[in-house]
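Colleague: I have a few questions about the inside of this model. Can we go through them?

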Amino acid sequence: MAEDTTTRPAARTAGRRSAARSAAGPAAAARVRPGLRLALVGALALAALACYLLLFVRGSFEFAVERRLSTAGAMVVAAFTQGLATLVFQTVTQNRVLTPSIMGFDSVYVLAQTALVVVFGGGALAATDGPAKVAVQTLLMVAFATLLFRWLFSGRRANLHVLLLVGVALGAAFDSLSTFLQRVLSPADHDVLSARLFGRLSTVDAGLLPYAAAVCAATGFVVLRRHARLDVLELGRDVAVNLGVDHRRELTLALVCVSVLVAVSTAVVGPMTFFGFLVAVLTRQVAGTHRHAVLLPMSFLLGVLVLVGGQFVMEHVFYATGMLTVVLEFLGGTVFLVLLLRKGTL
């Protein structure tokens, strides 16, 4: 009996130590797992880029790689802008169903393109292509978003729900006006305009990519520096204020960054309504964490993987080069409807 009484405390101590180790094991694994997942997705994205650029080259290798580089650059820009913009927008709105397109950014682009064709004809779209036109379109969309934010957040009763409602109303108004103007166009001009109102990855002007990359780098730097504040904003206004975060300032800055990213993406590759939503859903499923230090780069890498891998499959398996954006919009819209029906509300 003496041996039993002396060994019991030691057994209890050993049991506690083993329980502590088993409890610490999952926690340590959880800390390591998001980083490993990020590295794995990054390796897959690089492999997809290498396969798209180097495999199945017919004819002149230099000509094929040069053309593929411009398409790959457009996909990288679209992945960065759409992925980060949708993720940040869902964070500040605390809603994983909403997308930046609900604010009417795409509608402003469509209205500007439609008005240009109505006034100057379908040939004006091709004649005015270049950095100047993209800069004007980007500034127009960013100015619209900035004025909307300042107007709605300057009042005493300003809140995010009013902002979303006004954005939906303005987007619907711009869409209605664009539809009315399109009905007065000739069939030829309407066909030219319709081709510009879909996402275009393989026909992007390569000269625009350096400017878009510079804007993406500057905006991404601002967003990534605030990853910890985005973690706090996702907890809600009251928690953010109690933790010492200037909620209105950070919210306005985040929405302005979203508007810049969406404006650049729309002006360079055209409207992509549900691609960013699809990437955001995949990001939250794959990342394994709620920290934006991992979520933000994960959204970019997943966007590159989806676009480049999808383009490779569409070109060399289904031989449908220009159908990628249509397929992605269909998949994103389907996922949106499924989540909306499961959730039952916005």
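Colleague: How many cavities of 30 Å³ or more are there?

Modeller: The count comes to three cavities of 30 Å³ or more. A cavity here is a set of points on a 1 Å grid over the protein atoms alone where a 1.4 Å probe fits but cannot get out, and lining residues have an atom within 4 Å of a point. Grid points are joined across faces, edges and corners, and a volume is the space filled by probe spheres set on the points. This is a predicted model, so local features need pLDDT of at least 70 and side-chain atom pairs count only at pLDDT 80 or more, while totals for chains, interfaces and linings use all residues. Residues are numbered from 1 along each chain as its sequence is written, and side-chain values use heavy atoms, with hydrogens and water left out.

Colleague: What volume does the largest cavity have?

Modeller: The largest cavity has about 80 Å³. Its lining includes Val88, Arg226, Arg229, Glu250 and Cys257.

Colleague: Which helix gives the most to that lining?

Modeller: H11 does, with four residues. Helices are DSSP runs of H or I with at least four residues, numbered from the N terminus.

Colleague: How does the lining of the largest cavity divide by residue type?

Modeller: Eight nonpolar, no polar and three charged. Ala, Val, Leu, Ile, Met, Phe, Trp, Tyr, Cys and Pro count as nonpolar, Asp, Glu, Lys and Arg as charged, and the others, Gly among them, as polar.

Colleague: Which residues does Glu250 form salt bridges with?

Modeller: Arg226 is one, with the closest N and O atoms 3.2 Å apart. Glu250 lies in helix H11 and Arg226 in the loop between helix H8 and helix H9, so the pair ties together parts that are 24 residues apart in sequence. Arg229 is another, at 3.3 Å. A salt bridge needs a side-chain nitrogen of Lys or Arg within 4 Å of a carboxyl oxygen of Asp or Glu.

Colleague: Is Glu250 buried or exposed?

Modeller: Buried, at 5% relative accessibility. Arg229 is partly exposed at 37%. Buried means under 20% relative accessible area, exposed over 50%, and partly exposed in between, with a 1.4 Å probe and protein chains only.

Colleague: Change of topic. How many residues has the largest nonpolar core?

Modeller: The largest core has 82 residues, and Met103 is among those with the most contacts inside it. Such a core is a set of buried Ala, Val, Leu, Ile, Met, Phe, Trp, Tyr and Cys residues joined through side-chain atoms within 4.5 Å.

Technical notes. Helices (H or I, at least four residues) and strands (E, at least two) are DSSP runs, numbered from the N terminus. On a 1 Å grid over the protein atoms alone, a cavity is a set of points where a 1.4 Å probe fits but cannot get out, and a pocket is an open set with protein on both sides within 12 Å along at least five of seven lines; lining residues have an atom within 4 Å of a point.
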